[in-house]
Amino acid sequence: MNVVAPQRSFVRAEQVDALPPPRTASGPVLWMRENLFSGPINTVVTLVMAWVLFWTIPPIIDYLIGSAVWTGSDGSACREDTTGREVGACWAFVIDRINYFVYGSYPMELRWRPNIFFLVLAVGIVWMLWLDAPKRGIGAIYFFIVVPLLSYWLLAGFPMIGLEEVPTGLWGGILVTIVVSAVGIVVSLPFGVLLALGRRSHLPIVRLVCVIVIEFTRGVPLITVLFMANTMLPLFLAEGVTVDRLVRPLIGVAFFASAYMAEVIRGGLQAIPKGQYEGAMSLGLSYPKMMYFIILPQALRIVIPGIVNTFIGLFKDTTLVSIVGIFDLIRTVESARVDPVWSAPSVNYSGYAFAAIFYFLCCWGMSWYSQSVERRLAASEKR
């Protein structure tokens, strides 16, 4: 016969002091203790990085601001004088050539048209990126249809309404950089989605074509794609048909970025659980509706960092269009710094410093926005 031991219960006889509340104190000292000096390794890394920043940041700030030259009409203002005074960045050179850096050789009397283009594009970007903006559906039509047509008419000209034509050979500087990057970013996302879906298609021909396009494009450098678009694209057209010299690299950049975007989106599609597909099909949704309403929204949310990383890489890679004779920002800086009027040692570094600051601010802005969207989506999932 099995004997079951009686269960014993223990009741505390004396009262115990309450536990202290969770530590909610905050401040710079507590933050440094928890994040910078939380352990031996973290402390060593913090001290090493502080030493590196101490020896690099102050000289850079002094060169860009403290010892910089802000006024002057020629290179003599940016040369060392007889007293041996150290001269920093020659911002007088940048200020004198800022119009060339922004517009290139675009006619002076017509530069109001690029200014309107910048404004129209800025309105479209804000409308699309502002998640709480009203009537975002109309904003999408404005950004993807109205902005491209209006931008083309403004920049290239439309004689029927009185806008004289401006050859693309006169475009340059930041104007060309923004045009090339905007076209690449806008085109690469939808085409990347189509290529990613085609690579996962059950139709062998569609899958084979998408695989060939993606792998061939990713297997060659962007310079090769630009050269092929610049020299070989006219060979595939009918006799007498020509392609503008700026449209050729636009096609190459968009084609190249679409292949990389396709692999990023394919990673998001593979991360979606199989049950999502089965649940969508059990509701009777067709393949387009399943992708549009169920799968793609989840996949794109997962790969937001990869998409933005591709956009940032594309934005910086636009400097390679100078290889095929397009005057982007870097090309305008290179052509302006050889002017004998501005012959000074610091002029070269100043022009490139201006370009570096421009690219950094644009790339940092894209990165900051993507992180804010990720935090917002993460907060919405916790509700």
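Helices are taken here as DSSP runs of H or I with at least four residues, numbered from the N terminus. The structure described below is a predicted model.

Helix H6 covers residues 136-156, and Phe-144 is found within this helix. With a relative accessible area of 42%, Phe-144 is partly exposed. This residue belongs to a nonpolar surface patch that also contains Ile-141, Ile-145, Val-146, Leu-149, Leu-150, Tyr-152 and Trp-153. Together, the residues of the patch have about 750 Å² of accessible area.

Tyr-142 also lies in helix H6, but Tyr-142 is buried, its relative accessible area being 16%. This assignment follows because a residue counts as buried under 20% relative accessible area. When neighbours within four places in sequence are set aside, the contacts of Tyr-142 are Val-120, Val-123, Gly-124, Trp-127 and Val-147. Between Tyr-142 and Leu-189 the C-alpha to C-alpha distance is 17 Å, and the two residues are 47 positions apart in sequence.

The loop between H5 and H6 contains Lys-135. The phi angle of Lys-135 is near 50°, a positive value in a residue other than glycine. Lys-135 is exposed, with a relative accessible area of 61%.

Asp-132 is placed in this loop as well, whereas Arg-376 belongs to helix H15, which comprises residues 345-382. A salt bridge joins the side chains of Arg-376 and Asp-132, at an N to O distance of 2.6 Å. The pair therefore ties together parts of the chain that are 244 residues apart in sequence. Arg-376 is partly exposed, at 40% relative accessibility.

In total, 7 salt bridges were counted in the model. Another of these connects Glu-263 and Arg-199, whose side chains meet at 2.9 Å, N to O. Glu-263 is in helix H10 (residues 247-271) and Arg-199 is in helix H7 (residues 174-199), so this pair links parts that are 64 residues apart in sequence. Both Glu-263 and Arg-199 are buried. Asp-96 is partly exposed, with a relative accessible area of 44%.

The unreviewed UniProt entry lists residues 41-61, 112-131, 138-158, 170-196, 208-229, 249-269, 290-312 and 349-369 under "transmembrane region". Two of the listed spans were examined in the model. Residues 249-269 are 100% helix and 0% strand, with end C-alpha atoms 30 Å apart. Residues 290-312 are 96% helix and 0% strand, and the end C-alpha atoms of this span also lie 30 Å apart.

Helix H13 consists of the 14 residues 304-317. At 1.5 Å a residue, helix H13 should span 20 Å, and this agrees with the separation of 20 Å between its end C-alpha atoms. The buried residues of H13 are Ile-304, Ile-307, Val-308, Thr-310, Phe-311, Ile-312, Leu-314 and Phe-315.

Definitions and conventions
Residues numbered from 1 in each chain as written. Predicted model: local features only at pLDDT ≥ 70, side-chain atom pairs only at ≥ 80, totals over all residues. Heavy atoms only, no water. Patch = residues over 30% accessible without salt bridge, like charges linked within 9 Å, V, L, I, M, F, W, Y side chains within 5 Å. Areas by Shrake-Rupley, 256 points an atom, 1.4 Å probe, with all protein chains shown as cover. Salt bridge = Lys/Arg side-chain N within 4 Å of Asp/Glu carboxyl O. Helix = DSSP H or I, 4+ residues; strand = E, 2+ residues; numbered from the N terminus. Buried < 20%, exposed > 50% of the residue type's maximum accessible area, 1.4 Å probe, protein only. Expected span 1.5 Å × (residues − 1). Contact = heavy atoms within 4.5 Å. UniProt positions renumbered as here; feature names shortened; annotations may be inferred.
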